[in-house]
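I opened my notebook today to look up a few things in a protein model. Here are my entries, in the order I made them.

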Amino acid sequence: MVRGASAAGLRTGRVVHGTGRRIRRATSAEGAGESGLAKLIELHALNSFGDMLITIALASTIFFSVPTGEARGRVALYLLITMAPFALLAPVIGPLLDRLPHGRRAAMATSMLARAVLAWTMAGTVVGGGIALYPEALGVLVASKAYGVVRSVVVPRLLPSRLSLVKANSRVTLAGLVATFVGAPIGALLHLIGPGWPLRGAFLVFVVGTMMAFHLPHKVDSAKGEQRAVLHADDQPHPHPHLHLHPQSQPPPQRPAQAPKANLRTVGPSVILALRAVATLRWLVGFLVMFLAFLLRDDPIGGLQPTVALGLVAVAAGAGNALGSVLGSVLRTRRSETIVTAMLLVATLAAGAAALWYGVLTVVLVAACAGMAASLGKLALDALIQRDVPEAVRTSAFARSETLLQLSWVAGGALGITLPLDGALGLWVATGVVGLMLLWTVRALFRVGVRRRPATAKVA
């Protein structure tokens with residue numbers, strides 16, 4: 001028995017070692033290992049794994065452990081206590097982190113450490129599901145979004161010469177999705193031991209992530225060649241908006257007292273077009289997550305069990321997200337404006353079909369299409385920021401756009417929780433919102449045109 005156990009352990013060790021070596025080879029391909037991008041990919045996979053464990057613990061307590069009516073009230077309370085303060089904090093996250101160009105590794109490590117502490121604390125309060133759980137969940141949400149903003153601004157710093165920004169982001173996103181799929185069954189198994197065990201597992205994951213964050217290359221903290229973006233409108237109207245830059249080492253020139261406040265409108269019409277479109281797609285994802293979660297639990301489609309119906313939709317959304325990331329690494333990105341417009345069209349048609357012919361296939365289809373459209377649309381938006389925003393302030397633009405996209409998801413989820421649980425009604429609402437944005441985007445696309453060369457930014 002001892003020899004058999006030793007042999008089995010040896011074989012398991014070899015399999016684990018071989019799997020780890022293959023994973024490291026995949027993450028380090030095309031110069032990602034030399035540039036340090038591979039370390040960020042592995043850190044993001046760990047981050048997604050830990051977030052999934054926390055999600056399973058919260059969903060099991062707030063959503064699955066009580067009847068539908070009570071669950072809807074609990075989730076509404078969760079949104080009120082966590083999302084409302086987050087809506088106020090989120091606009092501050094990007095600009096605040098943008099002022100820490102020398103502390104990005106520390107910011108990512110702090111985000112990991114904060115979630116580790118909160119996960120351990122939540123493990124003691126999750127059983128009762130009391131009111132103390134919600135402020136802790138807010139802290140986890142804010143820390144997670146802060147990590148997401150920092151990650152988006154770090155990627156350009158670690159970009160290998162053989163990879164485009166879209167392919168690099170696609171690789172990071174795919175690693176996160178794979179980790180999420182792996183974390184889901186592990187979290188479910190831990191929950192069988194006890195409702196607090198997924199959170200204890202998340203604690204260990206985020207402790208490891210805290211240490212891994214400091215192993216990122218030192219150039220992540222370097223601000224060499226960067227400037228802080230001062231985004232504002234021109235004093236005099238121009239046919240096309242411009243991005244004004246002021247070096248950090250020099251004080252910005254005095255502006256007239258009536259100058260407009262800083263905003264994202266001045267980064268160029270193509271970026272604004274894509275930002276509106278991708279924000280709408282994020283809104284759709286947030287709406288479908290909340291609306292379908294309660295709808296399918298209360299009124300499953302096709303005679304399926306509620307858990308089976310929810311599982312099908314979740315798998316379809318995840319597969320669509322992965323497909324969007326894969327397509328982002330294959331498709332050419334010169335026509336990114338066209339890509340985001342096409343994604344809005346796909347989402348509108350899928351939502352309309354689900355509203356007309358409500359059933360298992362159409363609901364699974366709209367979940368998959370929404371996931372794919374949001375994923376590929378985000379990669380196209382990244383490409384436009386890379387193309388139209390000068391490198392000196394590109395990280396600043398990433399921070400601000402990511403904050404807006406997170407708020408869009410919150411707005412969609414808030415509407416999804418408040419609508420009546422009528423499948424056709426909810427999907428018609430989604431079709432109307434996305435369809436109106438599609439018309440607006442098509443009109444803007446004809447006005448802006450599809451450019452292949454970078455826009456010339458005005459530097460003050």
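**Entry 1**

How many of the 29 residues of α12 are buried? I found that 23 of the 29 are buried, so α12 is largely enclosed by the rest of the structure. Buried means under 20% relative accessible area, exposed means over 50%, and partly exposed is in between (1.4 Å probe, protein chains only).

Before going on, I noted that this is a predicted model, in which local features need pLDDT of at least 70 and side-chain atom pairs count only at pLDDT 80 or more, while totals for chains, interfaces and linings use all residues. Residues are numbered from 1 along each chain as its sequence is written, and side-chain values use heavy atoms, with hydrogens and water left out.

I then checked the length of α12: from its first C-alpha to its last it reaches 42 Å, close to the 42 Å expected at 1.5 Å a residue. The expected span is 1.5 Å times one less than the number of residues in the helix.

**Entry 1: the whole chain**

I looked up the elements next and found 14 helices and two strands. These are DSSP runs numbered from the N terminus: helices are H or I with at least four residues, strands are E with at least two. Of the 460 residues of the chain, 51% count as buried.

The chain exposes about 21,100 Å², and carbon and sulfur atoms supply 67% of that. Accessible areas come from the Shrake-Rupley method with a 1.4 Å probe; for residues, only the protein chains shown count as cover.

I also looked at contacts (heavy atoms within 4.5 Å). Among those between residues at least 6 apart in sequence, 85% join residues at least 24 apart.

**Entry 2: salt bridges**

How many salt bridges does a search of the whole structure find? It finds two. The term stands for a side-chain nitrogen of Lys or Arg within 4 Å of a carboxyl oxygen of Asp or Glu.

One joins the side chains of D51 and R115, at 3.0 Å from N to O. D51 lies in helix α3 (residues 37-64) and R115 in helix α5 (residues 104-125), so this pair ties together parts that are 64 residues apart in sequence. Both D51 and R115 are buried.

K378 forms a salt bridge with D382, and their closest N and O atoms are 2.9 Å apart. This brought me back to helix α12 (residues 360-388), where K378 and D382 lie four residues apart, about one turn of the helix. K378 counts as buried at 13% relative accessibility, and D382 counts as buried at 2%.

**Entry 3: the nonpolar core**

I wanted to see what gathers inside. In soluble globular proteins, nonpolar side chains tend to be buried together. A nonpolar core is a set of buried Ala, Val, Leu, Ile, Met, Phe, Trp, Tyr and Cys residues joined through side-chain atoms within 4.5 Å.

The largest such core has 98 residues, and L37, L40, I54, M108, L284, L288 and L292 touch the most other members. Helix α9 (residues 269-298) gives the most to this core, with 16 residues.

Helix α8 (residues 197-213) has 17 residues and reaches 24 Å, close to the 24 Å expected. Among its buried residues are L199, V205, F206 and A213. For helix α11 (residues 336-356), the 21 residues should span 30 Å, and the end C-alpha atoms are 30 Å apart, which agrees. I counted 15 of the 21 residues of α11 as buried, so α11 is largely enclosed by the rest of the structure.

V126 sits in the loop between α5 and α6 (133-154) and is buried, with a relative accessible area of 1%. Its C-alpha is 7.7 Å from that of A57, although the two are 69 residues apart in sequence.

P269 lies in helix α9 and counts as partly exposed at 27% relative accessibility.
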